[in-house]
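Below is a briefing on one protein model, written for a reader who is new to structures. Please keep the sequence and the model in view while reading.

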Protein chains: 2
Amino acid sequence: VGERGVIALVTGLLPVAAGAPLLGPGDDAAVVAAPDGRVVVTTDVLVEGVHFRRDWSSGYDVGRKAAAQNLADVAAMGGRPTALVVGLGLPGVLPVDWVRELAGGLADEAGAVGAVVVGGDTVAADAVVVAVTALGDLEGRPPVTRSGARPGDVVVVVGRLGWAEAGLRLLRAGSTAGPLVDAHRRPAPPYRAGPALAALGATAMIDVSDGLVADLGHVAAASGIRIDVELSALRRLGAEGVDDRELLTGGEDHALACTLPPALRPPEGGIVVGVVRRGAGVYIDGEPATGSGGHVHFGPGTGRPGSAGLDSAGRRGRS
Amino acid sequence: VGERGVIALVTGLLPVAAGAPLLGPGDDAAVVAAPDGRVVVTTDVLVEGVHFRRDWSSGYDVGRKAAAQNLADVAAMGGRPTALVVGLGLPGVLPVDWVRELAGGLADEAGAVGAVVVGGDTVAADAVVVAVTALGDLEGRPPVTRSGARPGDVVVVVGRLGWAEAGLRLLRAGSTAGPLVDAHRRPAPPYRAGPALAALGATAMIDVSDGLVADLGHVAAASGIRIDVELSALRRLGAEGVDDRELLTGGEDHALACTLPPALRPPEGGIVVGVVRRGAGVYIDGEPATGSGGHVHFGPGTGRPGSAGLDSAGRRGRS
């Protein structure tokens with residue numbers, strides 16, 4: 001088909017509006033409802049070879065994953081996702097079916113949470129680049145930031161921990177199927193828990209994308225408090241085949257971690273994994289796991305896979 | 001510095017908030033005011049080697065250009081730009097100063113129109129990728145789409161035509177300075193004319209990014225009308241050194257083209273270049289320049305520069 005052919009074809013594939021934005025694709029810009037008078041916005045970029053491999057993930061998987069990590073960021077503010085726009089860099093060698101699957105994955109993941117793909121841009125590139133921006137509505141609530149945790153709060157996690165990281169290890173070892181491999185290919189973030197926890201009264205919330213220790217480190221640093229976590233409680237969020245290192249440092253499952261005042265009962269599916277104290281840093285079973293700035297110094301073997309292939313290092317620059 | 005070093009450094013550089021969003025960078029997502037209860041959203045991706053060359057454009061130039069093309073899309077809906085989020089793919093070899101300049105260019109172009117950079121994501125990539133998403137507010141007005149032009153309307157263009165295309169030709173021929181070369185490096189879209197034309201009563205509007213003939217073709221197709229343009233009037237929007245082909249097919253200056261009911265006086269800076277009639281397609285001095293679908297068949301030599309180097313072909317997939 002060739003580069004221009006792919007780009008022309010994808011124009012008909014993207015965006016795939018599964019709902020009804022106020023003004024959808026086909027004009028200079030889309031128009032999306034923002035009934036709250038504010039809009040939540042976040043962007044993430046996935047690059048082939050850095051965040052996914054086409055021999056390990058289908059186009060559909062990559063679409064789901066690219067949408068998921070942005071939709072989860074909206075949920076982590078307590079927002080209800082409303083819309084996605086998608087920028088695609090596409091190599092000429094890319095099969096058109098792969099792009100068709102990618103568009104389907106993006107639309108399906110958005111649709112699962114009631115959001116729609118309202119616009120896009122496709123350009124030629126040497127590697128597949130998927131740049132997604134998600135919008136969301138706060139439904140009248142204040143955004144739940146990383147900075148509101150208070151001593152005495154309990155730490156609650158909803159979702160999976162370490163599954164995707166263990167799945168990546170299994171893919172490297174030659175596995176091609178199973179729940180952990182599937183979790184690497186398609187995260188299943190607990191989107192609806194975001195607005196629910198915000199409505200319940202969460203004082204701080206974060207999307208677990210850098211690993212629980214690192215992300216709770218961000219909350220501890222932003223809130224000026226210390227977080228104590230019990231490993232035995234965390235293990236309830238793992239799965240058979242997920243080791244403790246993966247539980248503590250694996251990102252990409254997009255669990256939601258929040259802090260709740262102690263009088264509040266965590267919602268169904270929420271696991272209390274620790275408490276907020278005066279101080280700084282994150283402690284696991286009483287041992288320091290991060291410095292006061294959130295930097296993980298949990299000991300050897302806890303780092304990300306590093307430069308040798310697929311990892312999440314590129315996401316360190318998120319803000 | 002190395003790849004990780006650049007990514008770590010850019011975290012401190014991007015986003016550069018020049019104003020006051022409701023919640024800026026540093027959390028899972030930003031929160032931007034949407035006082036209208038709707039939000040305009042558009043995304044565009046620039047790729048090194050496809051949309052810019054680092055030996056022809058500085059990091060600052062690329063930042064200005066990447067912001068400009070998105071802000072112009074918001075203006076073309078009649079919107080006032082409010083915020084940008086930026087996804088960056090950065091090669092390890094990239095000088096940190098280049099990235100610093102890029103961030104400065106993004107912030108300055110946004111700031112010039114009262115918008116702010118509220119969030120970003122930086123990832124490793126083989127070539128520089130700049131994925132910008134712009135948000136905007138409609139200030140209570142309906143969006144001005146491509147589909148509202150009516151027979152009898154006049155066609156008004158605000159901004160430059162062909163400057164950037166001529167500048168690209170001069171760069172290819174070895175020029176390194178001058179107003180046309182500058183226009184290629186940094187477009188100067190007439191942002192404020194967007195909301196002004198919307199308030200005045202524009203019936204259709206488009207950002208001229210594919211070239212005037214192609215973009216008026218989109219308006220003609222979406223509105224179900226014919227547009228007749230006078231070349232002599234168009235020449236007032238060119239400059240010394242811009243040839244007629246560049247005037248008609250050069251994109252990237254991001255002029256705004258709109259249709260206005262004939263009773264309305266065009267605003268200062270707006271040039272009447274033609275009229276809307278019953279029929280289909282775009283005509284230049286009475287000769288057909290596009291088919292009814294907007295496809296340019298203006299004759300030999302009017303195509304984009306093609307695959308031999310820098311061009312705008314990648315933007316054909318915009319929607």
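**Briefing on the predicted model**

Among contacts in chain A between residues at least 6 apart in sequence, 85% join residues at least 24 apart; a contact means heavy atoms within 4.5 Å. This is a predicted model, in which local features need pLDDT of at least 70, side-chain atom pairs count only at pLDDT 80 or more, and totals for chains, interfaces and linings use all residues. Residues are numbered from 1 along each chain as its sequence is written, chains are lettered from A and ligands numbered from 1 in the order in which they are written, and side-chain values use heavy atoms, with hydrogens and water left out.

**Chain A overall**

- Chain A has 9 helices and 12 strands. Helices (H or I, at least four residues) and strands (E, at least two) are DSSP runs, numbered from the N terminus.
- Of the 319 residues in chain A, 62% are buried. Buried means under 20% relative accessible area, exposed over 50%, and partly exposed in between (1.4 Å probe, protein chains only).

**The sheet of chain A**

- An open sheet of 7 strands runs in the order β7-β9-β6-β10-β8-β11-β12 in chain A, and its pairing is mixed. Two strands pair if DSSP finds at least two bridges between them.
- At the edges are β7 (204-208) and β12 (287-288) of chain A, each of which pairs on one side only.
- Helix α2 (residues 59-76) of chain A packs on this sheet and touches β7 and β9 of chain A. The direction of α2 in chain A makes about 170° with that of β7(A); axes are lines fitted to C-alpha atoms, for helices over the stretch in contact, and angles run from 0 to 180 degrees between N-to-C directions.
- Helix α7 (residues 212-223) of chain A lies across β6, β7, β8 (226-229), β9 and β11 (281-284) of chain A, at about 155° to β7(A).

**Strand β6 of chain A**

- Strand β6 (residues 154-158) of chain A is joined by 5 bridges to strand β9 (residues 255-260) of chain A, and the two run antiparallel.
- Within this pairing, A:V158 has A:L256 as its bridge partner, and A:V156 stands opposite A:C258.
- Strand β10 (residues 270-277) of chain A also pairs with β6(A) in the antiparallel sense, over 5 bridges. Here A:V155 stands opposite A:G274.
- β6(A) is mostly covered, with 5 of its 5 residues buried.
- In a regular strand the side chains alternate between the two faces of the sheet. In β6(A), A:V154, A:V156 and A:V158 point one way and A:V155 and A:V157 the other, and all are buried.

**Helix α6 of chain A**

- The buried residues of helix α6 (residues 193-200) of chain A are A:A193, A:G194, A:P195, A:L197 and A:A198.
- The cover over the buried residues of α6(A) includes α2, β3 (80-90), β6, β7 and β9 of chain A.
- Just after α6(A), A:G201 takes a positive phi of about 120°.

**The sheet of chain B**

- Chain B has an open sheet of 7 strands in the order β7-β9-β6-β10-β8-β11-β12, with mixed pairing.
- Its edges are β7 (204-208) and β12 (287-288) of chain B; each has a single partner strand, so one side of each is left without a neighbour in the sheet.
- Strand β6 (residues 154-158) of chain B runs antiparallel to strand β10 (residues 270-277) of chain B, and 5 bridges join them. One residue facing is B:V156 opposite B:V272.

**Helices of chain B**

- Helix α2 (residues 59-76) of chain B lies across β7 and β9 (255-260) of chain B, at about 170° to β7(B).
- α2(B) packs with helix α3 (residues 96-112) of chain B at an angle of about 35°, with their axes 6 Å apart. Residues making the contact include B:G59, B:Y60 and B:G63 of α2(B) and B:W98, B:G104 and B:G105 of α3(B).
- Helix α7 (residues 212-223) of chain B is mostly covered, since 9 of its 12 residues are buried. Among them are B:L212, B:V213 and B:D215.
- Just after α7(B), B:G224 takes a positive phi of about 70°.

**Cysteines**

- A search of the whole structure finds 0 disulfides over all chains; a disulfide is a pair of cysteine sulfur atoms within 2.5 Å.
- A:C258 is buried, with a relative accessible area of 2%, and B:C258 is buried with a relative accessible area of 2%.
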